[in-house]
Amino acid sequence: MSRVDAARGAPPLSRVRSGVRLPARDEEGTQPPSRTLALRSGSCRDLAALFLWAVRRLDFAARAASGYLFDPGSVAGDVGATHAWCEVFLPGAGWIAFDPTQRRLGSAGLVATAVGVTSEAVLPVVGGFLGDASDFAGMEASVVVTASA
């Protein structure tokens with residue numbers, strides 16, 4: 001079966017997405033695509049991992065992306081929500097964003113902070129602290145998104 005025939009035989013992205021619940025999932029990491037399909041439930045990073053797996057099965061080069069979902073009409077100071085999506089390399093067009101959670105094609109409103117081979121490679125916050133609890137004074141992080149000229 002060719003890549004085109006396989007794509008034609010697959011259900012449209014909107015149909016796949018409409019059958020999946022998107023609960024807030026606070027657990028670390030990404031669940032396997034088979035679990036997302038079996039549960040018909042997953043976070044944006046789980047849907048991105050499923051999409052990544054599916055397009056690679058069709059022999060497309062693809063990478064995971066992580067960053068922020070930004071609404072230009074939002075209140076000043078609101079940087080949006082952390083988000084995960086995929087980018088697929090299309091010959092002649094380059095890397096194109098596919099957001100299965102938002103059912104969007106293209107990078108409008110997506111602010112990438114990392115891209116990698118897997119979702120695990122682009123987790124927004126990963127780290128640890130080694131030492132006494134009294135040694136840790138605290139940590140702050142902020143993100144400011146502005147329109148480019």
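Select Met-139 to begin. Met-139 is exposed, at 66% relative accessible area; exposed means over 50%, buried under 20%, and partly exposed in between, with a 1.4 Å probe and protein chains only. This residue sits in the segment after strand S5 (110-116). Strands (E, at least two residues) and helices (H or I, at least four) are DSSP runs numbered from the N terminus.

A note on what is on screen: this is a predicted model, where local features need pLDDT of at least 70, side-chain atom pairs count only at pLDDT 80 or more, and totals for chains, interfaces and linings use all residues. Residues are numbered from 1 along each chain as its sequence is written, and side-chain values use heavy atoms, leaving out hydrogens and water.

With Met-139 they make a nonpolar surface patch of about 370 Å². A patch takes residues with over 30% relative accessible area and no salt bridge; nonpolar side chains (Val, Leu, Ile, Met, Phe, Trp, Tyr) are joined within 5 Å, like charges within 9 Å. A salt bridge here is a side-chain nitrogen of Lys or Arg within 4 Å of a carboxyl oxygen of Asp or Glu. Areas come from the Shrake-Rupley method with a 1.4 Å probe, and for residues only the protein chains shown count as cover.

Zoom out to the whole chain. The protein chain has four helices and five strands. Along the sequence the pattern is α-α-α-α-β-β-β-β-β. Of its 149 residues, 30% count as buried. The accessible surface comes to about 9,900 Å², and 56% of that belongs to carbon and sulfur atoms. Contact means heavy atoms within 4.5 Å. Among contacts between residues at least 6 apart in sequence, 47% join residues at least 24 apart.

Next, select residues 44-57. This is helix H4, with 14 residues. From first C-alpha to last it reaches 20 Å, close to the 20 Å expected at 1.5 Å a residue; the expected span is 1.5 Å times one less than the number of residues. H4 is largely enclosed by the rest of the structure, because 10 of its 14 residues are buried. Among them are Cys-44, Arg-45, Leu-47, Phe-51 and Val-55.

Stop at Asp-46, in H4. Is Asp-46 buried or exposed? Asp-46 counts as buried, at 0% relative accessibility. Show Pro-33 as well: its C-alpha lies 7.0 Å from that of Asp-46, though the two are 13 residues apart along the chain. Then click Asp-59, which follows H4 and has a positive phi, near 70°.

Finish with the sheet. Five strands form an open sheet in the order S4-S3-S2-S1-S5, with antiparallel pairing. S4 (104-105) and S5 stand at the edges with a single partner strand each, so one side of each is left without a neighbour in the sheet. Two strands pair if DSSP finds at least two bridges between them.

Select S1 (residues 62-69) and S2 (residues 81-90). Eight bridges join these antiparallel strands. Leu-69 has Ala-81 as its bridge partner in S2. Now turn to S5. Six bridges join S1 to S5, again antiparallel. Which residues stand opposite Tyr-68? Thr-82 does in S2, and Val-111 does in S5. S1 is mostly covered, with seven of its eight residues buried.
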